[in-house]
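I opened my notebook to look through a new chain today. Here is what I wanted to look up.

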Amino acid sequence: MKKFILIEVIEREISTPEFFDTYDTAYTEMEKRFNETCAHEGYIDDWMAWCENANHDNCDWKIFEVEVKQNGYQLFSLL
């Protein structure tokens, strides 16, 4: 079974990873955070995004695909 993890980093502060059942829900959440946060030019693609907020803090997001197995997780980073 596949899961998707969204990780957010704001000025070296790494948030608690958030798990999603589908890529689409993970991407929608990343896009929402990007649109709510960005006050300056930024960049977003299928698996990652970055920008500066109104305080000029660096904000980054990345989605990871994870294969859930009976004995643990196998991580697939696409970048």
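**Ground rules.** I am looking at a predicted model, where local features need pLDDT of at least 70, side-chain atom pairs count only at pLDDT 80 or more, and totals for chains, interfaces and linings use all residues. I number residues from 1 along each chain as its sequence is written, and side-chain values use heavy atoms, with hydrogens and water left out.

**Whole chain.** I found one helix and seven strands (DSSP runs: H or I of at least four residues for helices, E of at least two for strands, numbered from the N terminus). Along the sequence I read β-β-β-α-β-β-β-β. I looked up burial too: 28% of the 79 residues count as buried (under 20% relative accessible area; exposed is over 50%, partly exposed in between, with a 1.4 Å probe and protein chains only).

**Helix 1.** I located helix 1 at residues 23–37, which makes 15 residues. Its C-alpha span from first to last is 21 Å, close to the 21 Å expected at 1.5 Å a residue (the expected span is 1.5 Å times one less than the number of residues).

**Two sides.** Which residues of helix 1 are buried? I listed Ala 26, Tyr 27, Glu 29, Met 30, Arg 33 and Phe 34. Down the axis of helix 1 they fall within an arc of 160°, so they line one face (the arc takes directions from the helix axis to the C-beta atoms). I noted that the face turned away from this buried side carries the exposed Asp 24, Asn 35 and Glu 36.

**Neighbours.** The buried residues of helix 1 pack against strands 1, 3, 4, 5 and 6 (contact means heavy atoms within 4.5 Å).
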